[in-house]
Amino acid sequence: MTAEILDELRWRGLLALSTDEEALDRALAAGPLTFYCGFDPTAPSLHFGNLVQLVTMRRLQEAGHHPIAVVGGATGLVGDPSGKSAERALNEREVVDAWVERIASQVTGLLRFDGDNPARIVNNLEWTGDMSALTFLRDIGKHFPVNRMLAREVVSSRLEEGISYAEFSYQVLQALDYLELYRRYGTVLQTGGSDQWGNLTSGVDLIRRVEGASVHALATPLITRTDGTKYGKTEVGALWLDPAMTTPYAFYQYFLNQADADASALLRTFSLRSHEEIEDLERSLAERPEERRAQQALAEELTAMLHGPDQARAVRAASQAIFGQGDLRALDEATVAAVAAAVPRTEVDGELPSVTDMLVASGLASSRSDARRTVTEGGAYLNNERAGDPEQRPAAADLLHGRWLVLRRGKRTVAMVERRG
């Protein structure tokens with residue numbers, strides 16, 4: 001498969017830019033090479049966009065190549081200006097150090113660290129932490145023409161608003177990473193998103209100037225919906241890879257609820273299934289969209305990849321139960337709590353209110369008249385049981401784990417009612 005990996009990336013829509021595509025194809029076919037991708041600790045967790053890079057790294061590793069994940073303990077202290085219209089807020093060293101450890105653990109779960117071509121995780125603070133400013137300027141900075149640095153879109157777009165020397169120099173730090181990895185491990189390919197292209201090519205240029213060697217950069221496209229909008233946002237914020245920040249249930253539901261028009265591209269981007277399996281799911285999507293096989297396969301595979309198969313089975317069971325296809329009482333308390341964190345929720349004290357009042361309080365109905373009409377038309381459910389009376393009040397015994405009720409309007413609109421105390 002080594003010689004075919006670029007064809008694989010093309011088929012999946014993951015090849016946006018390359019410094020020299022034909023030369024890279026030859027290098028990949030010639031034998032296993034070492035490549036890297038960087039992840040800066042700008043938050044306690046990686047997010048949806050990083051998952052594109054991690055899955056791409058995994059594909060290259062499965063094709064026989066040697067992956068290095070650089071967790072940017074140094075670059076994370078400075079801040080990448082890419083995609084930012086204003087200066088990043090700098091985080092304290094202790095905060096960044098803690099985030100480095102958390103992100104390294106996430107990378108560990110998505111790559112393979114044994115076998116013939118095990119992955120490696122490094123921190124770029126290893127080679128920058130003790131480097132003096134004079135050494136940095138004389139040995140690295142002298143190879144960067146300022147006119148070319150100013151011409152990079154990420155810099156030029158910030159000149160009017162202003163950009164600090166720290167963020168202006170970010171591309172030099174990332175290029176230093178590539179040079180150091182080339183020297184230490186023979187790294188000859190850097191991957192990243194297309195919004196990082198200027199940073200990627202800075203490293204290619206630096207190695208050519210300093211070592212006289214030709215190396216490669218490869219960028220994946222930014223993943224957007226068919227209508228052009230960005231992925232990665234949920235009702236409660238960003239889609240994080242850390243289960244404490246985005247629960248496995250919320251992660252699963254995010255992909256399960258993707259529109260038919262987007263499911264095929266997401267499968268090709270993220271799924272490790274074969275072409276034949278994906279094309280079968282695409283045919284099902286076109287011929288029997290109501291079955292939502294593609295979305296289910298995507299949600300289950302990615303949840304298992306990130307959180308493990310046991311967790312994937314648990315959230316699938318929870319999803320089915322919440323929407324009336326399973327036993328709510330069989331869900332453990334932690335799973336119900338995860339569901340409650342991922343859907344609209346209203347809290348009550350003391351006696352439980354009527355189904356009409358709960359529909360309004362949870363946002364499932366716009367008014368009491370709307371709520372009453374929903375109930376009388378048979379569209380309101382408490383714990384998957386159809387509510388027959390607008391003034392129906394659930395009993396304490398109806399509460400799941402003595403705390404929650406699942407409130408549903410129609411087939412797919414869900415909220416939770418939580419009784420406090």
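User: Which residues of H12 are buried?
Analyst: In this predicted model, Asn199, Leu200, Thr201, Ser202, Gly203, Val204, Asp205, Leu206 and Ile207 of H12 are buried, that is, under 20% relative accessible area with a 1.4 Å probe, protein chains only. Local features need pLDDT of at least 70, side-chain atom pairs count only at pLDDT 80 or more, and totals for chains, interfaces and linings use all residues. Residues are numbered from 1 along each chain as its sequence is written, and side-chain values use heavy atoms, with hydrogens and water left out.

User: What do they pack against?
Analyst: The buried residues of H12 pack against helices H7 (133–140), H8 (146–151) and H11 (170–185), and against strands E5 (187–193) and E6 (216–220); contact means heavy atoms within 4.5 Å. Helices (H or I, at least four residues) and strands (E, at least two) are DSSP runs, numbered from the N terminus.

User: And what comes just after H12?
Analyst: Gly212, with a positive phi of about 65 degrees.

User: Changing topic, how many aromatic pairs are there?
Analyst: The count comes to 7, where rings of Phe, Tyr and Trp (its six-membered ring) pair if their centres lie within 6.5 Å; planes under 30 degrees apart count as stacked, over 60 as edge-to-face and the rest as tilted. Among them, Phe48 and Tyr254 are edge-to-face, at 6.1 Å centre to centre and 65 degrees between the planes.

User: Where do those two residues sit in the chain?
Analyst: Phe48 belongs to helix H3 (residues 48–62) and Tyr254 to helix H13 (residues 248–256), 206 residues apart. Both Phe48 and Tyr254 are buried.

How values were computed
Buried means under 20% relative accessible area, exposed over 50%, partly exposed in between (1.4 Å probe, protein chains only).
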